[in-house]
Amino acid sequence: MNRAQKIAWLFVITISLAVVGSLAAFAILYIKVGMPKALASLALIGIAGFGGFGPIVFPKDKGKITCDERDTLINRRAAIAGFGASYLVAGLACMLPFFILGPQATVAVWWLPNIFGAAGLTLFFVHSVVILVQYGRGGEKS
Amino acid sequence: MANKIKNNIRQFRFENNQMTQAELADKAKVTRQTIIAIEAGQYSPSLELAIKIAKAFGKKVDDVFEYEE
């Protein structure tokens, strides 16, 4: 497993933990205290921030070739998939309220940074998953 | 979709004093994972890398790689 895969795994684990944890906490708080206090559970999304420590936790191997044309290609494809997915999330977040609530409804402004955050999480998650899938196809047999 | 670029890397490694994938990777300035992927036909290298690999064996690109119609 190379450095990019390790960092991708860290992102997948931290983002999954953050999303599952915050959804579980939201469900519990919603039942116990109701809205809007249940929204405090969204703070658990911050767990995803630990994924940013990947480049520090997994430093570059000195004196070895760590990145070549295939790695660059895999990263580029993963980035395209990630940005595509985040664009889709942002698009859906804009269009769903329109279709569900109707054109005359209003949405609180504080939803906008949340949409931005969701798109960002989607970007990193999909980017990491696509990296893992592409390297997984290559195999490690020698 | 099946890869149409076939290669004889494994055979040439064997003929070159059983050169390891790591040694070939060092000569071609790529990672061992990339050599594994190329050898398995899961990745088609750029022309530049194909030339480097062929040079590592002292062969022409045509000898190492072939395109199947």
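Two residues are taken to be in contact when their C-beta atoms, placed from the backbone, lie within 7 Å. The legends below describe a predicted model.

**Figure 1. Helix H4 of chain B and the helices around it.** The buried residues of H4(B) pack against helix H3 (69–101) of chain A, and within chain B against helix H1 (9–15), H2 and helix H5 (61–64). H4(B) covers residues 47–57, and its buried residues are B:Leu49, B:Ile53, B:Ala54 and B:Ala56. Viewed down the axis of H4(B), these buried residues lie within an arc of 155°, so they line one face of the helix. In an α-helix there are 3.6 residues a turn, so residues three or four places apart point the same way. B:Leu47 and B:Glu48 sit on the other side of H4(B) and are exposed. After H4(B) comes B:Gly58, which has a positive phi near 70°.

**Figure 2. The buried face of helix H2 of chain B.** Three residues are named as buried in H2(B): B:Leu24, B:Ala25 and B:Ala28. Down the axis of H2(B), they fall within an arc of 105°, so they line one face of the helix. The buried residues of H2(B) have H1, H3 and H4 of chain B as their packing partners. Just after H2(B), B:Lys29 takes a positive phi of about 60°.

**Figure 3. The crossing of helices H2 and H3 in chain B.** The axes of H2(B) and H3(B) are 8 Å apart, and the two helices pack at an angle of about 105°. An angle of 65 to 115 degrees counts as roughly perpendicular, and H2(B) and H3(B) are therefore roughly perpendicular to each other. On the H2(B) side the contact is made by B:Gln21, B:Ala22, B:Leu24 and B:Ala25; on the H3(B) side it is made by B:Arg32, B:Thr34, B:Ile35 and B:Ile36. By residue type, the contact of H2(B) with H3(B) divides into 5 nonpolar, 2 polar and 1 charged.

Figure 4. B:Thr31 lies in the loop between helix H2 (21–28) and helix H3 (32–39) of chain B. A residue is buried if 20 or more other C-beta atoms lie within 10 Å of its own; B:Thr31 has 22 such atoms within 10 Å and is therefore buried. Leaving aside residues up to four places away in sequence, B:Thr31 touches A:Asn2, A:Ile65, A:Asp68 and A:Asp71 of chain A, and B:Ala25 of chain B. B:Glu66 is 35 residues from B:Thr31 in sequence, and the two are 22 Å apart in space, C-alpha to C-alpha.

**Figure 5. Two loop residues of chain B with positive phi.** B:Asn17 is in the loop between H1 and H2 of chain B. Phi of B:Asn17 is positive, about 55°, although this residue is not a glycine. B:Asn17 counts as exposed because it has 8 C-beta neighbours inside 10 Å. B:Lys29 is placed in the loop between H2 and H3 of chain B. B:Lys29 is likewise a residue other than glycine with a positive phi, near 60°. With 12 C-beta neighbours inside 10 Å, B:Lys29 counts as exposed.

**Figure 6. The cis peptide bond of chain A.** A:Met35 and A:Pro36 are joined by a cis peptide bond, with omega about 0°. A:Pro36 belongs to the loop between helix H1 (3–32) and helix H2 (54–57) of chain A.

**Figure 7. The C-alpha trace of chain A.** Chain A has 4 helices and 0 strands, in the order α-α-α-α from the N terminus. The radius of gyration of chain A is 18 Å, well over the 14 Å that the globule rule gives for 142 residues, so the chain is more spread out than a compact globule. Along the principal axes, the C-alpha atoms of chain A fill a box of roughly 60 × 30 × 25 Å. Of the 142 residues of chain A, 17% count as buried. Among chain A contacts between residues at least 6 apart in sequence, 82% join residues at least 24 apart.

**Figure 8. The C-alpha trace of chain B.** Chain B contains 5 helices and 2 strands, which run β-α-α-α-α-α-β from the N terminus on. A compact globule of 69 residues would have a radius of gyration near 11 Å, and the 11 Å of chain B agrees with this. The C-alpha trace of chain B spans about 30 × 20 × 20 Å along its principal axes. Of the 69 residues, 29% count as buried.

Terms used
Residues are numbered from 1 along each chain as its sequence is written. Chains are lettered from A and ligands numbered from 1 in the order in which they are written. This is a predicted model: local features need pLDDT of at least 70, side-chain atom pairs count only at pLDDT 80 or more; totals for chains, interfaces and linings use all residues. The arc is that of the directions from the helix axis to the C-beta atoms. The radius of gyration is taken over C-alpha atoms; the globule rule is 2.2 Å times the number of residues to the power 0.38. Axes are lines fitted to C-alpha atoms, for helices over the stretch in contact, and angles run from 0 to 180 degrees between N-to-C directions. Angles under 35 degrees count as roughly parallel, over 145 as roughly antiparallel, 65 to 115 as roughly perpendicular and the rest as oblique. Ala, Val, Leu, Ile, Met, Phe, Trp, Tyr, Cys and Pro count as nonpolar, Asp, Glu, Lys and Arg as charged, and the others, Gly among them, as polar.
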